[in-house]
Amino acid sequence: QRAPSECSTWNIVSKVPLRVNLLGDAAFFSCLSLTRKLGAPPLSTSQGDVTMGRVLAIANQKGGVGKTTTAINLSASLAADESKTLLIDMDPQGNAGSGLGVIGRELEHTVYDMLLEGTAPKSILQKTELKFLEVLPSNPDLAGAEVELVSVKRREFRLADAIAQLKDKYEHIIIDCPPALG
């Protein structure tokens, strides 16, 4: 039986189970270093001077399984390895942003405005204490976005369109998803 501060996860790059301490300083493992040691291909590719961002969604239909903790720690680890990283907080609780010191309730624009109002994602970006990590924050307004988007054309592409505007600026884009079946 494992300790409550640990979680087994699956490394999709190397296809091996990993034990990751989700609490404390030990959580800041380097995903890139680990995948290099295991002989896995790099997580990003370069074409000339333009780096194309690899998008990874941290998702599970159940709440309380460590999605946000994993998203924060993975993002911080990639940034600590000097990889330009973006964390997109898609959970209305906004804990991914607040875990990095960005409080969505205090901001004029968040992911909600990007999805519903078409606000440019570049205008929503927030810097963190880590040089190579930025966040697109969320707030509780996002809870009603699914219902509000029902009549909007191309609603299922809103996030993809926003990511496309930012993809060449980052090596890694991590999406912290809310628990949901929809």
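Buried here means under 20% relative accessible area, exposed means over 50%, and partly exposed is what lies in between (1.4 Å probe, protein chains only).

First, some housekeeping. This is a predicted model, where local features need pLDDT of at least 70 and side-chain atom pairs count only at pLDDT 80 or more, while totals for chains, interfaces and linings use all residues. Residues are numbered from 1 along each chain as its sequence is written, and side-chain values use heavy atoms, with hydrogens and water left out.

**The sheet**

Helices (H or I, at least four residues) and strands (E, at least two) are DSSP runs, numbered from the N terminus, and two strands pair if DSSP finds at least two bridges between them. Five strands make up an open, mixed sheet, ordered β5-β9-β6-β8-β7. β5 (54-58) and β7 (126-127) each have a single partner strand, so one side of each lacks a neighbour in the sheet. Helix α2 (residues 67-80) packs on this sheet and touches β5, β6 (85-89), β8 and β9 (172-176), contact being heavy atoms within 4.5 Å. The direction of α2 makes about 165° with that of β9; axes are lines fitted to C-alpha atoms, for helices over the stretch in contact, and angles run from 0 to 180 degrees between N-to-C directions.

K127 has E134 as its bridge partner in β8.

**The salt bridges**

A salt bridge is a side-chain nitrogen of Lys or Arg within 4 Å of a carboxyl oxygen of Asp or Glu. The structure holds three of them:

| Pair | N to O distance |
|---|---|
| E134 and K127 | 3.2 Å |
| K169 and E134 | 3.5 Å |
| D161 and R154 | 3.0 Å |

Shared partners join K127, E134 and K169 into one network. K127 is exposed, with a relative accessible area of 65%, whereas K169 is partly exposed at 33%. K169 sits in the loop between α6 (158-166) and β9, and E134 in strand β8, 35 residues apart. As for the remaining pair, D161 is partly exposed at 35%, and R154 is partly exposed at 47%.
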